[in-house]
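Have the sequence and the 3D view open as you read.

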Amino acid sequence: MAALPPKPARAWQRMLSGRRLDLLDPSPLDVEISDIAHGLARVARWNGQTLGDHAFSVAQHSVLVWQIFRKLYPAASAREQMAALLHDAPEYVIGDMISPFKAALGDDYKSVEKRLQHAIHLRFALPVELPVALKKAIKRADRISAYFEATRLAGFSEAEAARFFGRPRGICADDFDLSPLPVIEAQAAFLASFARIERDLPVSKRLMKA
């Protein structure tokens, strides 16, 4: 008697909202902002190698990137701000892998991350693929955030951080609060930022062009 073929490995995760998110074929209908905030607040940046009594979470990083983005681009629309806040949203289920490990995993990791990002964008009425100029603007804010975190929290010298992330110009870490927050506070800060952006969505207009 021929052996039965092995059952495919489970590729979905049960969320606290009750949604069941398929990681390989994610549906926008299974994406909830409460799950994103909950997950990101419990994922540590820098593999947890940061100063303070609490981890500096991806939720707090996301808020910091959004704040930097707004300072750099004060005319940015609400949708562009939403894209900045959600730039690392897939990490609520796949975690925050440091860049060297991402490079080692290669395309498999990137394809899963990309599918999740597309589903998240569709859920919140963002373009599946962001305009090139907007992606570059968010990346600029992300690198500035990484420099601030590296030098204030993760033990990098300014020279070392500048080699990896570039040295920010015209913007200072002292303008932002980098104190690592308890999980519940980081989660609440992310949700409050989302709510603030969402209030402006009906009247927003796209300002950045590809």
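A contact, as the word is used here, means heavy atoms within 4.5 Å. Counting contacts in the protein with a separation of 6 or more, 67% are between residues 24 or more positions apart.

A word on ground rules. This is a predicted model, so local features need pLDDT of at least 70 and side-chain atom pairs count only at pLDDT 80 or more, while totals for chains, interfaces and linings use all residues. Residues are numbered from 1 along each chain as its sequence is written, and side-chain values use heavy atoms, with hydrogens and water left out.

**Confidence and overall layout**

pLDDT is the predictor's confidence in each residue, from 0 to 100. The protein has a mean pLDDT of 90, with 86% of its residues at 70 or more. Over residues 204-210 the pLDDT is below 50, though this stretch still has 24 contacts in the model beyond near neighbours in sequence. Where pLDDT is low, the predicted coordinates should not be read in detail.

Helices (H or I, at least four residues) and strands (E, at least two) are DSSP runs, numbered from the N terminus. The protein has nine helices and two strands, and from the N terminus on, the order is β-β-α-α-α-α-α-α-α-α-α.

Buried means under 20% relative accessible area, exposed means over 50%, and partly exposed is in between (1.4 Å probe, protein chains only). On that basis, 45% of the 210 residues are buried. Accessible areas come from the Shrake-Rupley method with a 1.4 Å probe, and for residues only the protein chains shown count as cover. The protein exposes about 11,600 Å², and 55% of that comes from carbon and sulfur atoms.

Helix H1, residues 33-40, is mostly covered, with six of its eight residues buried. Those are Ile33, Asp35, Ile36, Ala37, Gly39 and Leu40.

**Salt bridges**

Side chains of opposite charge can pair when their charged atoms come close. A salt bridge here is a side-chain nitrogen of Lys or Arg within 4 Å of a carboxyl oxygen of Asp or Glu. The whole structure has seven of them, including these:

| Salt bridge | N to O distance |
|---|---|
| Glu32 and Arg123 | 3.7 Å |
| Glu149 and Arg45 | 2.9 Å |
| Lys139 and Asp142 | 4.0 Å |

What does the pair of Glu32 and Arg123 tie together? Glu32 lies in the loop between strand S2 (20-22) and H1, and Arg123 is in helix H6 (residues 107-123), so the pair joins parts that are 91 residues apart in sequence. Glu32 is buried, at 18% relative accessible area, while Arg123 is partly exposed at 34%. Salt bridges that share partners also bring in Arg19, giving one network of Arg19, Glu32 and Arg123.

Glu149 sits in helix H7 and Arg45 in the loop between H1 and H2, so their bridge ties together parts 104 residues apart in sequence. Both Glu149 and Arg45 are buried.

Lys139 is partly exposed at 46% relative accessibility, whereas Asp142 is buried at 15%.

**Aromatic rings**

A pair of aromatic rings is described by the distance of the centres and the angle of the planes. Rings of Phe, Tyr and Trp (its six-membered ring) pair if their centres lie within 6.5 Å; planes under 30 degrees apart count as stacked, over 60 as edge-to-face and the rest as tilted. There are nine such pairs in the structure.

One of them is Trp46 with Phe165, edge-to-face at 6.0 Å centre to centre and 90° between the planes. Trp46 is in the loop between H1 and helix H2 (58-72) and Phe165 is in helix H8 (residues 158-165), 119 residues apart. Trp46 is buried, at 16% relative accessibility. Ring pairs also link Trp46, Phe156, Phe164 and Phe165 into a cluster.

Phe148 and Phe176 make a tilted pair, 6.2 Å centre to centre with 35° between the planes. Phe148 lies in helix H7 (residues 132-152) and Phe176 in the loop between H8 and helix H9 (183-200), so the pair ties together parts 28 residues apart in sequence. Phe148 is buried at 3% relative accessibility, and Phe176 is buried at 13%.
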